[in-house]
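Visitor: I should like to understand how one reasons from a model to a description. May I put some questions to you?

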Amino acid sequence: MTDPTFGPFGLDPWWLVIVKVLGIFVMLVLLTLFTIWWERRVVARMQHRVGPNRVGPFGLLQSLMDGIKLALKEEIIPKGAHLAVYWIAPVISATTAFIAFAVIPFGPTVSIFGVETPLQLTDFPVSVLYVLAIASIGIYGIVLAGWASGSTYPLLGGLRSSAQMISYEIAMGLSFVAVFLYAGSMSTSAIVIAQEPIWYAVILLPSFLIYVTAMVGETNRAPFDLPEAEGELVGGFHTEYSSLKFALFFLAEYINMVTVSALATTLFLGGYIAPWPLSLWDGAMSGWWPMLWWLIKVQVFIFMFIWLRATLPRMRYDQFMKFGWKVLIPVSIVWILIVATARVLRDEVVLTNRELLIGGAVTIAILLIVSWVFQSRSDRRAAVRAERQQAEANLTFDPMAGGYPVPPMPGQQAVGTSRRARAGVTIVQDRSDVTQEAIDG
Amino acid sequence: MNVYAPILILGLLAFGFAAFSVVTASITGPKRYNRARVDAYECGVEPTPQPVGGGRFPVKYYLTAMLYIIFDIEIVFLYPWAVAFDRLELFGLIEMVLFIVTVLVVYAYVWRRRGLEWD
């Protein structure tokens, strides 16, 4: 059997593969340490604080020292834990976070020690699918960590994370379809090259916006950081983790942030291709320069993550799930159909771009009206249902139902406590009677 | 080297690093036994029983996982169609519209039966 190759990939000598693997590993660890420091500094600045500035120049070594401190901390394993799963969960999280990065291109062909090679560990015809697959496996780490802790908060946090990540993975997966449609390939390097004339973020703006929303949900970051909603769930799935096991979850979260940012750069912002003012310079695409453009684009996304965290309050869980399932998914499906139809019309019926734009605008307007009518109808139905439930609750409220007295909610009338009820008068639902009774004493 | 081997090497390195960290931490840290500390953290109250010890959790999450599988399979079918779109043209579009409408029937049913609500 011959070794499978794909374009320039699969031809590297073994020592070059090891150099690249080490390079990616070190880059990811350094990016994590840098991002944690950068996040703390930026959030501090946005909150009129200074942030970490003691350890090393500008506090740059802060996250490294935090890591060393964590290694010297006592490890507490809760007595209800399922030991084997409890130990393996952080390893799954960290490992999958690292290997998802294997197919991200961060530069064109360069020469490393005299060998011409692309700045990308590997690539194959379905590499974007591979990233999605690995991201799904990463969820195991979280859900198993929550389950194996044998504790309430981690369990709920783990379930929440996994439900959230799989829900937003659908929207994420759907946002890729339009990109594949235009690029005609699922390989990351081919998608970058296909964006040489124009970035997909420009021509496929709705896909890009859906992806950016979904990637924040996928990485459990604010305003979608419900798994670690401190007020509800303490620390979420890693409540019972301490020492370096906890650090591994943290590492995985930040690497995932870098990976989804890099994927956004690859699929929508032209990867390592120089942006406009720089592309006027002839040398912009030579040598190692493209890697710098790639890094800048990734940092823009990371800054956006931090900015969102400093700006937006956390969403409520039901709103969040509703947004994912009832807004992002239908919108992406409709968008895919519009893109596909427009492409067929352009190729088969030969419509001009202007006619296509007008047609698209009319279609979107009709869809908005239909969804608005549908939404207001379902809102009205929900209001009626809520009213009926309220009425039922009013009739059946029993202050001693749970075994101990509970005060009635506004609009409710406690059964069997009022004089009128004792006298055999039927329950009243009117607020004015309640106040009247309060006056009566 | 073939295109898949580098992933394996990166995976081995990452696994080695993670396993090393997990094992190191249990050696380098101090160990002071304390009965209250190894209890499950529940803000100081007596911990409720959990699945490892025989508890229960909301079935809602199970439903979400099943819905995810339906839609994930839809996406997996959309990918090869999108890649081969320029060769399939109108025929491919009509086929895919029929497929998406079929999935949307399921979606509308789930929505109508309030399977997408959290309360």
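Visitor: How many residues of chain A are in contact with residues of chain B?

Guide: In this predicted model, 78 residues of chain A are in contact with 58 residues of chain B. The side of chain A that touches chain B draws at least two residues from each of helices H1 (14–46), H3 (83–99), H4 (127–148), H5 (152–183), H10 (243–268) and H13 (317–349). By class, that side of chain A has 48 nonpolar, 16 polar and 14 charged residues.

Visitor: What makes two residues count as being in contact?

Guide: Their C-beta atoms must lie within 7 Å.

Visitor: Why is Asp66(A) called partly exposed?

Guide: Asp66(A), which lies in helix H2 (residues 62–71) of chain A, has 18 other C-beta atoms within 10 Å. A buried residue needs 20 or more, and an exposed one has 12 or fewer. The count of 18 falls in between, and therefore Asp66(A) is partly exposed.

Visitor: How far apart are Asp66(A) and Gln389(A) in sequence and in space?

Guide: Asp66(A) and Gln389(A) are separated by 323 residues in sequence and by 52 Å in space, from C-alpha to C-alpha.

Visitor: Which secondary structure does chain B have?

Guide: Chain B has 3 helices and 0 strands, and its pattern along the sequence is α-α-α.

Visitor: How do you know that the span of helix H2 of chain B agrees with its number of residues?

Guide: Helix H2 of chain B (residues 60–83) has 24 residues, which at 1.5 Å a residue should span 34 Å. Its end C-alpha atoms are 35 Å apart, so the two values agree.

Visitor: Which residues of H2(B) are buried, and what covers them?

Guide: The buried residues are Thr64(B), Leu67(B), Phe71(B), Glu74(B), Leu78(B), Ala82(B) and Val83(B). Their cover includes H5 and H13 of chain A, together with helix H3 (85–112) of chain B. As a general point, an α-helix has 3.6 residues a turn, so residues three or four places apart point the same way.

Visitor: How does the radius of gyration of chain B compare with that of a compact globule?

Guide: A compact globule of 119 residues would have a value near 14 Å, but chain B has 25 Å. The C-alpha trace of chain B spans about 70 × 50 × 20 Å along its principal axes, and buried residues make up 18% of chain B.

Visitor: Where do the domains of chain B lie?

Guide: The domain assignment gives domain 1 (1–30) and domain 2 (57–112). The C-alpha centres of these domains of chain B lie 37 Å apart.

Terms used. Residues numbered from 1 in each chain as written. Chains lettered and ligands numbered in written order. Predicted model: local features only at pLDDT ≥ 70, side-chain atom pairs only at ≥ 80, totals over all residues. Helix = DSSP H or I, 4+ residues; strand = E, 2+ residues; numbered from the N terminus. Nonpolar A, V, L, I, M, F, W, Y, C, P; charged D, E, K, R; others polar. Expected span 1.5 Å × (residues − 1). Domains from an automatic or database assignment. Rg over C-alpha atoms; globule rule 2.2 N^0.38 Å.
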